[in-house]
Amino acid sequence: MIRIFHFFSVVLFLLQCSTSPTGRRQIILVKDAEMNEMGNTAFSELKTKTPTDSSSSANSYVNCIVSAQLAVTSDTTGVESWEVVVFRDNTPNAFALPGGKIGVHAGMFSVAKNKDQLAAVIGHEIGHVIARHGNERVSQNQLAGGSVKILESLGKPAVAGALGMGAKFGILLPFSREHESEADLIGLELMAKSGFDPRESVTLWQNMSALGGSKPNELLSTHPSDATRMKNLNAAMANALVLFEAAKAGGKRPNCHL
């Protein structure tokens with residue numbers, strides 16, 4: 001009983017002391033260094049399984065957008081250097097992992113049709129990292145298991161799922177709707193501050209919605225509906241446009257081209 005009391009005392013203390021960039025309270029039980037190691041391991045494994053695109057045009061394009069956004073990112077949770085990889089995968093997908101690992105599928109270029117739209121995608125993914133969403137997922141698993149040492153029992157697939165890569169690895173641990181919505185807003189601010197037009201974030205989701213396909217009802221899904229995402233982005237657009245105009249006035253005009 002004493003051990004259980006101490007465990008939940010630690011959880012309550014951390015919950016009070018940890019907040020996301022939007023001010024939301026978080027349960028964070030894992031050290032950033034440990035999360036970064038997990039991200040590095042998952043990314044290395046992914047690179048052995050998925051072909052990479054070595055073309056200079058695609059890599060320069062993505063790196064240009066990433067560099068512009070990282071330049072206005074104040075908290076990178078202990079990441080010293082970021083690695084960006086374009087994967088030869090035709091699905092419209094992108095992700096970022098703790099440890100500063102960013103992956104963009106070549107299929108995203110046909111949906112994110114310009115630099116601003118791709119900046120919305122990448123800003124969203126960087127938002128997951130700086131908001132420590134992967135840490136929250138792992139921490140929730142630890143809390144459910146009643147032990148701060150449960151990480152030691154997690155296998156690689158579970159680690160990948162906890163880091164938000166569930167769709168890729170077939171694990172039912174994707175980010176929650178709350179995480180996705182928060183990453184959308186963080187990404188909107190990042191793209192605006194770095195000189196990308198925030199209005200294109202809404203156009204991006206119009207493009208995504210136009211892809212069609214079978215999508216579950218929002219109440220049954222871990223992701224917000226496309227309509228909800230666009231509504232939330234538009235609600236935050238006035239402030240984003242102020243940041244965008246300030247960025248342009250400050251000379252931030254990223255010259256990124258595919």
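Which side chain meets that of Lys49 in a salt bridge?

Author: In this predicted model, the side chain of Lys49 meets that of Glu45 in a salt bridge, with 3.0 Å from N to O. Both residues belong to helix α2, and because they are four residues apart there, about one helical turn separates them. Their surroundings can be stated as well. Lys49 is exposed, with a relative accessible area of 54%, whereas Glu45 counts as partly exposed at 21%. The cut-offs matter here: Lys49 is classed as exposed because its 54% is over 50%, and Glu45 is not classed as buried because that label requires a value under 20%.

A search of the whole structure finds twelve salt bridges. Another of them joins Lys248 and Glu245, at 3.3 Å from N to O. These two residues lie in helix α10, three residues apart, again about one turn of the helix. Lys248 counts as partly exposed, at 22% relative accessibility, and Glu245 is also partly exposed, at 43%.

The salt bridge between Glu136 and Arg24 has another setting. Their side chains meet at 2.7 Å, N to O, and the pair links distant parts of the chain, 112 residues apart. Glu136 is in helix α5 (residues 133-145), while Arg24 is in the loop between α1 (2-17) and α2 (32-49). Both Glu136 and Arg24 are buried. The two also take part in a network of salt bridges that links Arg24, Glu136, Glu178 and Glu182.

The search of the whole structure finds one disulfide, formed by Cys64 and Cys256 with their sulfur atoms 2.0 Å apart. The link is left-handed, with -75 degrees about the S-S bond. Cys64 counts as partly exposed, at 24% relative accessibility, but Cys256 is buried, at 2%.

Asp89, in the loop between β1 (83-87) and β2 (94-97), has a side chain that makes a polar contact with the side chain of Thr91, at 2.7 Å. Asp89 is buried, with a relative accessible area of 16%.

Note on methods
Residues numbered from 1 in each chain as written. Predicted model: local features only at pLDDT ≥ 70, side-chain atom pairs only at ≥ 80, totals over all residues. Heavy atoms only, no water. Buried < 20%, exposed > 50% of the residue type's maximum accessible area, 1.4 Å probe, protein only. Polar contact = N/O pair within 3.5 Å; in protein donor to acceptor, adjacent residues only side chain to side chain. Disulfide = S-S within 2.5 Å. Salt bridge = Lys/Arg side-chain N within 4 Å of Asp/Glu carboxyl O.
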